[in-house]
Amino acid sequence: MNLLELQRRMASAIMAPLGAGDRITRAAGAEAGEIITPNDRLTAAERVEIYAKSYWYRLLDALYDDFPGLRAILGVRGFDKLSRAYLAELPSESFTLRNLGSRLPEWLARHPEHAGRNPALALDMVRLEWAHVVAFDGAAEEVLGPEDLLELTPQMTFRLQPYVTLLALEYPVDDLHLRVSELAEGRGGASNAVMRHRERRAVTRFSLKREAVYLAVHRMNDSVYFRRMNAGEFQLLDALRGGLALSEAIDSVFGASDLPLDELRGKLEEWFRGWAQYGWFCPPGGKS
Amino acid sequence: MPANRFNGNSAYGIGVGLRIPHYRHIFEHKPPVGWFEIISENFMVDAGRPLSVLDRILERYRVVQHGVAMYFGSAEPLNREHLSRLKKLVKRTKTPWLTDHLCWGSVDGRYTHDLLPMPYTFEAAELTASKIREARDFLEVPIAVENVSSYAEFHVSEMTEWQFLNEVVERADCGILLDVNNIYVSSRNHSFDPFEYLNAVPTERVAQIHIAGHSKFEKYILDTHDHPVIDPVWKLYDHAIRRIGATPTLLEWDDRIPSFDEVHAEALKAAKYLPAPAAVAP
């Protein structure tokens, strides 16, 4: 057996979903016996089980930390079930646990059976919480400041900073997230330490009343913020992010509006001033 | 041997692993610490708070990078994105040497995020050594590999763990991050004499030493980094220092992390075994 084959078989035994009582399954145990030696205290399966538990607990803990709001909506048990199903279908493909939840919003949209009694609420929250991860340490590019935006022309295009995410939500999950978040200072990978399952704190399960919320998840001075916007401001910013030139973006949002021109101009000036002060714009033609 | 080509000829003394719960204390009290070891992957991000924190640490302290995801022993090629990000970080920290583990952890592009034990075969030794050489050439910094604690052994192994370590470091011409706690943990799990292991280590290649605590269970020991260093591990450390000489030493504490002062005091116990100058903070 060459190295690649051995590693495939070991990984398969470790990454297979755990069985009842978080023991490795009989099939995984049999695979372990093919490649691992027993000792005078542990069978081959028991030795591999140490690694299997460490694998699952480490990854479950990472999701547990990154999605406190989703956990509050689904409850500890529901969230644990979701996490195990997600990891079984989409194992990590990144060297960093930072990216572990990157595919969770899309996965949950395809698996409403794991989204609890109100899938729309859960989906809003998971999108918000992944946006939080992006805002925490996502790339930042050169900023177009207020001085760069003194003279706007109809043909101008803009790009948003890669760490800014715009979200049109059906529920005010930003409020809920702030209530349940433990506001950890960030992720901290450990060196060579075996993971044991951390104690799961009971959480109060929350439900929310439906309310349209337009949100920018962004970063200022290394802290993540949720900034609410009204529908017009959001739609215009979203259109600009989509690549429309300024005049096209304004037309797409306000083309059918009966808003007086002066009032519209005032709004636009106010919005652009705010966006520029937040440093959300970067020069067109950049990396993203 | 306080300084050698595997640690950038750096005579560092006793260091502490930089951990998030200690940030505030460090920034407020600015404790004199010989050096900090950072987990590279925690800072291989594009921007944001992790890098701001790191820059503040770098203003005052010496930093050495310790990685957990290079997986030199994985059969698949090195991850180019990982290497590129790591090189960017190396330039930022100016780490005099860089460490990662003698292990594997990914296969077919899927990551376990664990430090899995190697099969001790000549095939694995050659592949691992070639990847270490490739990484060193790309990163342009000395590399030292750490012996991991382990809980399983493979049928296919052709040699002992320490023979495998020697095979790899000789073929790669790289350094060793000697983790004496890991030797202790593995010696208990696999019933070998830890002193036999230590005596087989090529002293001229040891760039750094790790010490840490662990957890005992009925049938095995887990390397949990959540306790003080126990006496048998200090004895191994003492033996290692007698063989190798003063060596940069780092205490790891990763779970149930106590106050910074408590962790630092635990690390400084190593001074008892080191020749005096090596234990002095800058």
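A residue is called buried here if 20 or more other C-beta atoms lie within 10 Å of its own, exposed if 12 or fewer do, and partly exposed in between, with the C-beta atoms placed from the backbone. Please keep in mind that this is a predicted model, in which local features need pLDDT of at least 70 and side-chain atom pairs count only at pLDDT 80 or more, while totals for chains, interfaces and linings use all residues. Residues are numbered from 1 along each chain as its sequence is written, and chains are lettered from A and ligands numbered from 1 in the order in which they are written.

Let us begin with chain A. Of its 288 residues, 41% count as buried. Chain A has ten helices and five strands; these are DSSP runs numbered from the N terminus, with helices being H or I of at least four residues and strands being E of at least two. As for how the chain folds back on itself, 72% of the chain A contacts between residues at least 6 apart in sequence join residues at least 24 apart. Two residues are in contact if their C-beta atoms, placed from the backbone, lie within 7 Å.

Now find the sheet in chain A. Strands of a sheet pair through backbone hydrogen bonds, either parallel or antiparallel. In chain A, three strands form an open sheet in the order β2-β3-β4, with antiparallel pairing; two strands pair if DSSP finds at least two bridges between them. Because β2 (165–169) and β4 (223–229) of chain A stand at the edges with a single partner strand each, one side of each is left without a neighbour in the sheet. Neighbouring strands of this sheet are turned by 25° against each other on average, direction ignored. Axes are lines fitted to C-alpha atoms, for helices over the stretch in contact, and angles run from 0 to 180 degrees between N-to-C directions.

Five bridges hold the antiparallel pair of β2(A) and β3 (residues 213–220) of chain A, and Leu169(A) stands opposite Val213(A) in β3(A). Helix α8 (residues 231–241) of chain A packs on the sheet, where it touches β2, β3 and β4 of chain A, and its direction makes about 135° with that of β2(A).

The loop between β3 and β4 of chain A holds Asn221(A). Most residues other than glycine have a negative phi. Asn221(A), however, has a positive phi, near 50°. Is Asn221(A) buried or exposed? Asn221(A) is exposed, with 7 other C-beta atoms within 10 Å.

Next, look at two helices of chain A. Two packed helices are described by the angle between their axes and the distance between the axes. Helix α6 (residues 119–137) and helix α7 (residues 173–180) of chain A pack at about 65°, with their axes 10 Å apart. Asp124(A), Met125(A), Leu128(A) and Glu129(A) in α6(A) meet Val173(A), Asp174(A) and His177(A) in α7(A). By class, this contact has three nonpolar, one polar and three charged residues. Ala, Val, Leu, Ile, Met, Phe, Trp, Tyr, Cys and Pro count as nonpolar, Asp, Glu, Lys and Arg as charged, and the others, Gly among them, as polar.

How many residues of chain B are in contact with chain A? There are 57 of them, and they touch 51 residues of chain A. Elements giving two or more residues to this side of chain B are α2 (49–60), β5 (104–107), β6 (110–116) and α4 (122–139). Of these, β6(B) gives the most, with seven residues. The residues of this side of chain B divide into 25 nonpolar, 18 polar and 14 charged.

Within chain B, turn to strand β4 (residues 98–101). Leu98(B) and Asp100(B) point one way from β4(B) and Thr99(B) and His101(B) the other way, and all are buried. On one hand, β4(B) pairs in the parallel sense with β3 (residues 63–66) of chain B over two bridges, and Gln65(B) stands opposite Leu98(B). On the other, four bridges join β4(B) to the parallel strand β7 (residues 143–146) of chain B, where Glu146(B) is the bridge partner of His101(B).

Our last stop is β12(B), whose two faces are both covered: Thr249(B) and Leu251(B) on one side and Leu250(B) and Glu252(B) on the other are all buried. Three bridges join β12(B) to the parallel strand β1 (residues 14–17) of chain B, and four join β12(B) to β9 (residues 206–212) of chain B, also parallel.
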